[in-house]
Amino acid sequence: MSSNQPESNVANETAVPAPGNVLRILSGLHAGASRDLAEQEMILVGSGDDCDIVLADQGVARHHALVNLVGGMSSLRALDAPLRVDGLPLLPGDPVELRGLQRIELGEAAIAYGQEHDPGWATLLPDAAAIANASRPQGAGVRKLPLIAALAVLSLASLAIFAAVMPQHEKPVDPRSQLQAMISEFHVVDGQVAEDAEGRPVLRGTVRDASVRESIEKRIAKGGFEAAIDLRSGDKIADDVSEVLRTQGINAKTRYLGNGVVEASGRFEDMDAMRTAASSRAMDDVPGVTKVLVRNFVPADQLKRTAAGPTEAAARNAPTRIVSVVRGEQPHLVAVDGTEYPVGSEVPGHGRLVSIGQSAHVISADGALHKVVPRPVTAAELEAAAEKQAAADAAAAGIAAVQDEAAGEQRRVARASVPAKRDAQHKQ
């Protein structure tokens, strides 16, 4: 080339790195890889293909961190997942100031930036000398950002940050499969996924307590899909068992043990009455109950056992059986004998009836509020009552026949005795 040839005025478009600044991968699958840094640059780090530093390590989010170098200042922002800076956690949110040679941990990988020949690298890298003397080819997953791209990023910094934190499009959530997975996760007893009248999926079954039900409600809300739940909690089931026992004159402390088993504990002198109540039709009608486990604190030698059923005292103190709850303008309870109890009246064995809404409630003598559980007359009870009445009618008819026969015999005897008396008088 001739010495008098004019020099070219065209500038090199390759990014000009800041004097000696470098970003290095300290640990992980790409440990040892490095990248020269421009004086002003924005670097997106994560596992996504659109990142400037792509890390395939476990625990690295798609858009994990954003390193920003502007005007001699450096900052770091956590995006899709938390990270650690010199061992201290940094949650997604506002950017924080970043100093040279601070160890940034993302999942199982770690990175840092600083002056290339800073002796402090020796405290971060296992073999700083080897890395310093080695050439710095582009490592796996690392892309170098040219100067013109860096300037474009700086001019659109806000747009880049917005794009980085935008949520990715996800596949539509299948509500039924999500609810089905919750059955095993939250141990829903007799769990099933059905549909309501509007076609929405409904999770039905029994959970241990109200806190589990709340956890399921939060999971559905967080999942962003529409579904309903029809779950009975163990606390509610235990309360219903206690109410059934109370309506039969038995006071017990109930506790849900799981899998449909309810423990009823207390002092039960009449175990026959307790067993009858625990296996009654009213107890069978309590949803979610498979077994009532009785825990009696009365010593065995003090128990009252009767072959014919409950003791006379228990029979006398047994609450009035309520067969139905009538709502409307004149709400009232109906007893098994047809007696009606309006709001405000005393229901024998229950207490004062204070309200009838979705449920009927009474206040007992000790001031406690109880729910009245109606026990409708069953077909089996009607059949048994009919048989008992027929037997009574037959017995009454038999007695009447015997009485009629006895009366006839007395009349025959009386008629036969009259001639005998006359004969005796003539002989005299």
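**Figure 1. The whole protein, before we zoom in.** Of the 428 residues in the protein, 37% are buried. Keep in mind that this is a predicted model. The fold is built from 10 helices and 24 strands. If you count contacts with a separation of 6 or more, 51% of them join residues 24 or more positions apart. The accessible surface comes to about 25,800 Å², and carbon and sulfur atoms account for 53% of that.

Figure 2. Which residues of α7 are the buried ones? They are M271, D272, A273, M274, A277 and A278.

Figure 3. In β23 (residues 360-363), A360 and V362 make up the covered face, while H361 and I363 make up the uncovered one. β23 pairs with β22 (residues 351-356) in the antiparallel sense over 4 bridges, and the hairpin these two strands form has 3 residues between them. β23 also pairs with β24 (residues 369-372), again antiparallel and over 4 bridges. That hairpin has 5 residues between its strands, and G367 takes a positive phi near 85° in it. V362 is a handy landmark for this view: it stands opposite L353 of β22, and its bridge partner in β24 is H370.

Figure 4. Side chains of opposite charge can pair when their charged atoms come close. Searching the whole structure turns up 15 salt bridges, and this view takes in a network that links R232, K236, D240 and K371. Within it, K236 and D240 form a salt bridge, with their closest N and O atoms 3.1 Å apart. These two are 4 residues apart in α6, so about one helical turn separates them. Which of the pair is buried? D240 is, at 9% relative accessibility, whereas K236 counts as partly exposed at 34%.

Figure 5. R176 forms a salt bridge with E195, the closest N and O atoms being 3.8 Å apart. Because R176 lies in helix α4 and E195 in strand β12, the pair ties together parts that are 19 residues apart in sequence. R176 itself is partly exposed, with a relative accessible area of 37%. In the other pair, the side chains of R103 and E105 meet at 3.6 Å, N to O. Both ends are partly exposed: R103 has a relative accessible area of 25%, and E105 is at 27%.

Figure 6. Q102 sits in the loop between β9 (96-97) and β10 (104-106). Is it buried or exposed? At 7% relative accessibility, Q102 counts as buried. Setting aside neighbours within four places in sequence, Q102 is in contact with V85, D86, E97, I111 and A112. V188 sits in the loop between α4 (175-185) and β12 (189-195), and at 8% relative accessibility it is buried as well. With neighbours within four places left out, its contacts include M182, I183, R204, G205, I216 and L231. V188 and L203 are 15 residues apart in sequence, with their C-alpha atoms 9.3 Å apart in space.

Figure 7. S211 belongs to helix α5 (residues 210-223) and counts as partly exposed, at 41% relative accessibility. Its side chain makes a polar contact with the side chain of D209 at 2.5 Å. S211 and S233 are 22 residues apart in sequence but 8.8 Å apart in space, C-alpha to C-alpha. Elsewhere, V336, V377 and L382 make a nonpolar surface patch of about 250 Å². Where is V336 found? Look in the loop between β19 (332-335) and β20 (340-342); V336 is partly exposed there, at 48% relative accessibility.

Note on methods
Residues numbered from 1 in each chain as written. Predicted model: local features only at pLDDT ≥ 70, side-chain atom pairs only at ≥ 80, totals over all residues. Heavy atoms only, no water. Buried < 20%, exposed > 50% of the residue type's maximum accessible area, 1.4 Å probe, protein only. Patch = residues over 30% accessible without salt bridge, like charges linked within 9 Å, V, L, I, M, F, W, Y side chains within 5 Å. Areas by Shrake-Rupley, 256 points an atom, 1.4 Å probe, with all protein chains shown as cover. Salt bridge = Lys/Arg side-chain N within 4 Å of Asp/Glu carboxyl O. Contact = heavy atoms within 4.5 Å. Pairing = 2+ DSSP bridges. Polar contact = N/O pair within 3.5 Å; in protein donor to acceptor, adjacent residues only side chain to side chain.
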